[in-house]
Amino acid sequence: MLVVMKAHATEEQVRAVCEKIESLGYRAHPIPGAQRTAIGITGNKGAMEPGALEEMSGVQELIQVSKPYKLVSRDVKEEDTVIQFPGSDGSFGGRDLGIVAGPCSIESREQAFTIAERVAKAGARFFRGGAYKPRTSPYAFQGMGEDGLKIMAEIRERYGLRIITEALDDESLELVAEYADVVQIGARNMQNFSLLKKAGRQRKPVMLKRGMAATLEEFLMAAEYILSEGNYRVILCERGVRTFADHTRNTLDLSIVPAVQRLSHLPIVVDPSHGTGKRNKVGPLSRAAVAVGADGLMVEVHHDPDHALSDGMQSIFPDQFDELMQEIRQIAAILHRNVQESRTFPATAKAGR
Ligand code: PEP
Ligand code: MN
């Protein structure tokens with residue numbers, strides 16, 4: 001259920017309605033909009049009786065939200081959610097595309113700084129890199145753990161890049177939430193409901209990757225778990241799904257971008273690296289993702305992919321990333337969107353210092 005407040009409802013009236021909802025054992029989610037505030041009601045006690053709220057002052061109307069997902073739905077919030085970061089011009093969901101680039105894994109300080117410098121110069125505002133890696137084999141590189149997070153925090157200081165990295169479980173979530181600007185929940189954890197709830201209880205924005213066999217509704221329901229705990233800053237990420245096709249690692253489902261945008265106010269970005277698994281397809285699918293209206297890209301970049309400890313085959317070279325940024329600037333402009341300009345940094349004596 002959704003309570004729509006009158007356009008001129010006061011803060012006290014909104015607060016009183018929220019208190020009433022909570023006193024009935026439900027959770028109230030006030031969502032300010034351009035015209036009016038709406039208050040989403042969630043809870044697992046079944047549908048709420050509207051009677052108690054209908055007559056409260058400032059209330060315009062009560063609407064039953066028929067979809068299983070509520071807070072992520074455009075029924076509850078019509079305007080796009082824009083996720084911004086204080087003191088930084090990187091964002092997701094607005095006119096600017098959120099461009100995230102970096103290696104699959106943080107492998108060393110030198111590797112991470114070398115790549116960060118290149119992607120920052122090319123114009124990316126977000127740096128990715130796994131410190132906790134969900135690997136198919138228990139014998140494969142599992143990530144540098146907290147040392148990797150520390151390297152990323154140094155990169156933020158040096159290049160002003162915002163940091164996105166994956167939390168695999170409760171323990172890593174706490175550390176990732178401490179160091180990173182955005183907590184990534186990976187495809188394999190998209191339906192790890194206890195982890196989603198925990199991600200909803202911490203303050204950092206969450207990038208939620210689509211599960212490899214998840215429907216659109218399952219994807220949005222997973223996001224709903226995070227919002228239902230009070231964290232409304234969620235970025236969705238399409239990263240390909242499993243199909244019979246075997247010419248790519250996964251099948252990148254670009255049609256989900258306009259489908260999500262129709263149903264939800266949350267930003268959605270595309271990861272063409274895991275989506276295709278092949279370096280030569282990352283450029284074309286990145287261009288297509290921008291053309292289809294994605295709110296950003298997440299791209300794996302490595303300066304020496306033949307020796308990468310994970311996902312070298314799908315990592316593009318820094319020069320290719322540079323070229324890609326120039327191409328997508330032109331595509332974005334046609335759609336009245338913007339990809340930020342390349343930047344220069346004073347030279348570092350040695351990678352990292
Ligand atoms: C990643 O982005 O590093 C990753 C492991 O992706 P996914 O969860 O989509 O497989
Ligand atoms: Mn990877």
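I am working from a predicted model, where local features need pLDDT of at least 70, side-chain atom pairs count only at pLDDT 80 or more, and totals for chains, interfaces and linings use all residues. Residues are numbered from 1 along each chain as its sequence is written, chains are lettered from A and ligands numbered from 1 in the order written, and side-chain values use heavy atoms, with hydrogens and water left out.

I listed the residues with a heavy atom within 4 Å; among them are Arg128, Lys133, Glu166, Lys209 and His274. By class, I get six charged residues (Asp, Glu, Lys, Arg), three nonpolar (Ala, Val, Leu, Ile, Met, Phe, Trp, Tyr, Cys, Pro) and three polar (the others, Gly among them).

Ligand 1, polar contacts. I looked for N or O pairs within 3.5 Å. Oxygen atoms of ligand 1 lie 2.6 Å from a polar side-chain atom of Arg239, 2.9 Å from one of Arg188 and 3.0 Å from one of Lys133. Taken alone, ligand 1 exposes 290 Å² (Shrake-Rupley, 1.4 Å probe), and the protein buries 97% of that.

Metal. Which residues coordinate the manganese ion (ligand 2)? I find Cys104 (SG), His274 (NE2), Glu300 (OE) and Asp311 (OD), at 2.0 to 2.3 Å. Donors here are N, O and S atoms within 2.8 Å of the metal (3.2 Å for Na, K and Ca); water is not among the atoms, so the site may look incomplete. I noted the donor spacing as C-x169-H-x25-E-x10-D.

Technical notes: A polar contact is a pair of N or O atoms within 3.5 Å; within protein, one must be able to donate a hydrogen and the other to accept it, and residues adjacent in sequence count only if both atoms are side-chain atoms.
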